[in-house]
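Thanks for making time for this today. I would like to walk you through one structure, going from its backbone to its ligand, so please keep the picture in view while I talk.

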Amino acid sequence: MSSSAAMAGGGTRAAKTMHENVEVHADNSALAEAVAGQIITQAWGAIAARARFSIGLSGGSTPRGLFEMLAQKPYAARLDWSKVHVFWGDERCVPPDDPDSNYGMAREALLKHVPLPDDNVHRVPGELPPAEAAAQYEQMLRRFFDEQKPRFDLLLQGMGDDGHTASLFPHTKALRERKRWVIPNYVPRLDAWRITLTVTAINAARSVIFMVSGPGKAQALHDVLEGPHQPETLPSQFVAPPNGQVTWMVDEAAASLLRRH
Ligand code: 6PG
């Protein structure tokens with residue numbers, strides 16, 4: 001069991017499934033506390049080793065409570081924010097002040113409350129046309145990672161009720177991209193364009209934490225972790241960094257259909 005699970009104390013257990021690293025937490029609040037603990041722990045390790053911590057945030061609604069927690073005591077004071085670099089795993093094609101912006105949500109819930117230098121915030125320019133936004137964000141990543149692999153210290157990933165992650169939606173073009181790190185992806189289900197890290201970029205990470213909460217995700221979580229391997233239908237199954245770790249941090253409601261061992 002990871003240190004955050006131990007730190008989180010009661011109500012936490014490791015569910016043994018196809019994936020070894022699954023932590024089940026009592027509820028959304030306990031889950032947010034455990035993920036916050038993991039982020040702090042992994043940030044300290046990265047800063048000690050490389051004098052910086054690069055984290056890619058997920059969007060959607062699940063991480064809001066986590067971001068608000070990280071912005072408050074005791075968590076906010078536990079990080080040397082001057083050494084933290086914040087990125088996004090995906091973004092909607094909207095301006096930064098749009099209610100749908102993943103950057104906008106993170107700014108309101110976390111970024112404006114902590115002493116993070118502006119230069120350390122690397123947002124996707126969602127206000128630009130999709131192809132331009134993706135190209136600019138990829139250039140930014142290549143500069144930051146010196147053209148090597150985008151070896152994020154940590155990618156925080158959400159999972160949709162259809163098994164998507166980032167903006168890698170089932171049976172969309174983005175799933176097949178293996179050279180580029182960032183591409184625009186038209187999502188028929190949403191009738192909208194998104195900018196997303198590719199499978200190649202996500203799988204270059206040192207660490208990936210999936211944060212999954214709520215009963216609405218139970219079927220998809222079961223299918224992704226315990227069902228047949230069909231990543232075109234369940235894109236979260238593509239996430240398997242050859243030189244990195246994946247930890248699924250979920251709450252009881254999302255884990256309700258997982259086999260208990
Ligand atoms: C986004 C996210 C997306 C999200 C899942 C889960 O831009 O929406 O990055 O991948 O993590 O859709 O969203 P919820 O947390 O809102 O269920």
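Ala51 is found in the loop that runs between helix H2 and strand E3, the strand that covers residues 53–57. Please bear in mind, here and throughout, that we are looking at a predicted model. What draws me to Ala51 is its phi, which is near 60°, a positive value in a residue other than glycine. Most residues other than glycine have a negative phi.

Asp146 belongs to the loop between helix H5, residues 130–144, and strand E6, residues 154–157. Is Asp146 buried or exposed? With a relative accessible area of 56%, Asp146 is exposed, since the term applies over 50%.

Let me turn to a peptide bond, the one from Lys73 to Pro74, which is cis, with omega near -5°. Most peptide bonds are trans. Pro74 itself sits in the loop between helix H3, which spans 64–70, and strand E4, which spans 84–88.

Going back to helix H2, which takes in residues 28–50, we find Ala32 within it. Ala32 counts as buried because its relative accessibility is 1%, and buried means under 20%. Ala32 and Val250 are 218 residues apart in sequence, yet from C-alpha to C-alpha they are 9.3 Å apart in space.

That brings me to the ligand, which sits in the largest pocket. How many residues surround the ligand? There are 15 of them, and the closest are Thr62, Asp90, His164, Ala166 and Lys217. Sorted by class, this shell holds two nonpolar, nine polar and four charged residues.

On the side-chain part of the protein, an N or O atom of Arg92 is 2.7 Å from a ligand oxygen, and for the side chain of Lys217 the distance from an N or O atom to a ligand oxygen is 2.7 Å. Gly59 takes part through its backbone, with a polar atom 3.2 Å from an oxygen of the ligand. Taken alone, the ligand would expose 410 Å², and the protein buries 87% of that area.

Notes. Residues numbered from 1 in each chain as written. Predicted model: local features only at pLDDT ≥ 70, side-chain atom pairs only at ≥ 80, totals over all residues. Heavy atoms only, no water. Near = heavy atom within 4 Å. Polar contact = N/O pair within 3.5 Å; in protein donor to acceptor, adjacent residues only side chain to side chain. Areas by Shrake-Rupley, 256 points an atom, 1.4 Å probe, with all protein chains shown as cover. 1 Å grid on protein atoms, 1.4 Å probe; cavity = no way out; pocket = protein on both sides within 12 Å on 5 of 7 lines; lining within 4 Å. Sits in = over half its atoms within 2 Å of the grid points. Nonpolar A, V, L, I, M, F, W, Y, C, P; charged D, E, K, R; others polar. Helix = DSSP H or I, 4+ residues; strand = E, 2+ residues; numbered from the N terminus. Buried < 20%, exposed > 50% of the residue type's maximum accessible area, 1.4 Å probe, protein only.
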